[in-house]
Amino acid sequence: MPKAAPRLAGTIVRKEIVANLLSYKFFIVIGLTSLLIFTGLFVMARDYKGRLADYDLIKPKPGDPIAVLAPNPLSVLAKGLDEAMTRSFEVESIGIEVRAGRQSGNAVFAFFPAPDFVYIVKVVLSLVALLFGFDQISREREGGTLKLILSNPVSRAAVLAGKWLGNFLTLAVPFLIVTLLGLAVLALDPGFRLREGDAGRLALLLGICLAYIALFLSLGFLISATTRRSASTLVILLLIWAGMVFVLPNLGTLLARQIVDVPSVRSLHEKRQQIWTREVLLSIADRSTWDARIQSMNEEFDRLTEDYRMKFDRLVRLSKNLNRLSPAASFVYAATEVAGTGIGEEGRLKQEIVRYKNRVLEDNRLGRKDRAAFSYRYRPAGRVLAEGGLFDIAWLVVLNIVLFAAGYAAVVRYDVR
Amino acid sequence: MFRAVIAKELRNHLLSFRFLAVFVLLVVIVPVTVLVLANDHVRDLDDYARRRAEIQNYLNRYAHFNRIGNIIAPTQPPVPFQALIRGLSAETDLNSFDDDPLPVMFPLLDLTFIAAVLLSLAALVFTYDAVSGEKEDGTLKLMLSNGVSRSIILLGKVAGGAAALLIPYLVSLAVGMVLLLFNPRVGWSGADWGALGIILLGSVVYIGVFCGLGVFISSRHHSSSASILTCLFVWVLLALVIPNLSPYLASVLRPTPSRIQIGREITRLTDVERDDLGRKLSQERRTAVLAKYPILAGAERLSVAEIKARIEKDADFAKAYAVFRDESAAGWKEANAIQGGKARILREELGRKEAAQTRLSISLSMISPLADLTYLFADLSNTGMRNQAHFRTLAEAWDRTYGEYESGKIEALRRGNPTMDVWNTPVDVGDMPRFQYQEETLTSRIRGVLTPLTVLLIMAVGIFAAAFISFVRTDPR
């Protein structure tokens, strides 16, 4: 038995792989994911190149006090907030003017989320993983083969692990092949160039995707081992899946807004307009020095921004923590942060822009001529991980282990008849 | 017989586990969403009232015509339907530094989302085994051995599934609406309730489409585990991929020039090029005037003070110089008109191309019933593209009214005190026309959603026909 067990476990892995390769499910799934991943990469790469051409137009000339970021090549996989981050932030005497925001007048873009790689993994591959897992135990029981397997000298743990591994491999290997193929096609395009360190981020991103997929596979196994019929398994799984992927993250942000009071964007915009026009009028009325007014106005604007950022950061933290109940949200946070298009990176960019603005205004006040250009370095992957990324990944892994362990507990008690 | 079939289907569903699961899910999620959204809407109302008060406060003390336009620009007030449907109302203002990017990461949950995603999924879960499951159980043979036609069975299956799904949907929505009614701040008008009626009608057709799809797929498969796979495959494509891809595909098929590029081009036309042309045209005109009035010889080289002195002394020179000045100005005006015309053409061209791309995106996305339902919900609730256009029309009309008011007021001020700096003096604008947002009437909202509703109906009929054909040819063994 001690010697036979590993061999049997290997046989189970092989059996699962072969069974999957020959199944209708496998073909549908591979066809669907390849189609979606290729189409997603293609349209997002096109979108990226369009934004890159725009960037060439708005790129500041030396000496312009303008902060513009080039589009992030990884936004092809995880668009996140890249569009907001690559706007043109122009420093003016009374603060930061944002231009080049809306790149299209087509309102349909606003109706549906961008079909990037992360979206496809989040929605489609999680569903696919569930479909691989949902009938693993219950189907074999219904078919009567579970008894036969267990009549061999092999532990239930080995059966479960072998099944899980076999299914994971049939899922992960084609997924990786298709993705790498898509990326290879993308790499042939001269308009698409990865930056230094992007390869590592890409590898990390794929790792996060695999962890996410594994989690849904484990969930499928767990539910499959706790219900008797595969049909009812599927119904529960689909509802849990819809709740995790769609309902929880979208509701979490709304709930956080009920708790943290953040001034509306429009009210802030109007307040600035009011302050600015008021000061212009007053300065004409009492002929006071404009410089002093600009100084005080800047301080007032800075206070508004600071107050807003503080409240907004609290909202982001709370909504993040609420949303993390759903692994889909954790996945999106981790993936976008690693790609450099996440909400943490966006917040840091804004901080840097405010700092740059202060420096430019200081230079202007002192009459310094040689103005430094704005430069922004994305946080290195290590920092991203330290600042929450690792937490999200760890959370995915822990959930995975918990689900697998629960699945094991359920299988041990499972009545195989 | 039809009643017996439908009663059997309905009873089957009502006693099933999936019905219970969907029921619990909807009855929890819909009221929670309504509560949260209603609360959010009340906060929006408060925020709007506060902003209005601040503007009024400002106007009482600092209103002056130079910059008043920035202060009183019309804004969209929250519409009561936002307690249920958010549409495009999320604040993703891309031109503010202090913005709110959260909705970009996770779209807000609302009734549209629940109906479009959860109901379609539930409809497929209810019907994926309608034929293939009965085939597996062997009950299909038994049923067909009775004197009941296949079309009746099929109709019963689609209608039974749809009715079974409508129960949790309507119950959960009713609970939500009761909660909404208890909220005194959310005031729905008769038109809103009417719109909700059409929304329900759209939901029924939508559920019908997906129930029909489930039965259709089911009758093409021999095992229910294969039919659920195909169902989910089709669902992912129809609901989660086609709508999202459509604007991107449309931008490949009907590209629009980049807004930034056009903006640069317009700046060049109306700035550098305008200056060159203006200099050239006014020079030409000035040369012509100089040739006509010899008295002006050498005037171009005089300083401002010298010209002033000569104008005072010499009446003929003054007259000739006035012509000279007017012609020079006319040259600049002409340059402005020419370059402005070119810029307008560019802008209109961009607008036309963007509109064409939007139309194509909408048409492409309409292949997906989910997109049809989304447009239907958004336009009926005044949170969609139609309302954005409606708001723009209202704002433009108000701009014109306000412009008339402003020029009248300025004229009156000037009459009272000719030397006054009318632009930068605080004025009383208590009699200013106020922007009034008026929601679209129910009839025009309904007219706006006729297309998505018709498309949904055609889909429902088409899918039912397809289901009928494949069910008639099904081998029940």
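Predicted model: local features only at pLDDT ≥ 70, side-chain atom pairs only at ≥ 80, totals over all residues.
Residues are numbered from 1 along each chain as its sequence is written, and chains are lettered from A in the order in which they are written.

Chain B is assigned domain 1 (2-257 + 368-472) and domain 2 (259-360), with bounds that come from an automatic or database domain assignment. The C-alpha centres of these two domains of chain B lie 51 Å apart, and six residues of domain 1 are in contact with eight residues of domain 2, contact being defined by C-beta atoms, placed from the backbone, that lie within 7 Å.

Helices are DSSP runs (H or I, at least four residues) numbered from the N terminus. The axes of α5(B) (residues 111-127) and α10(B) (residues 224-253), which are lines fitted to C-alpha atoms over the stretch in contact, with angles running from 0 to 180 degrees between N-to-C directions, come within 10 Å and cross at roughly 160 degrees. The two helices are therefore roughly antiparallel, a term for angles over 145 degrees. In this pairing, B:V117, B:S120, B:L121 and B:L124 of α5(B) meet B:C231, B:W235 and B:A239 of α10(B).

The contact between the chains takes 81 residues from chain B and 80 residues from chain A. On the side of chain B that touches chain A, the largest share, 19 residues, comes from α10(B).

Methods: Parallel < 35°, antiparallel > 145°, perpendicular 65-115°, else oblique. Contact = placed C-beta atoms within 7 Å.
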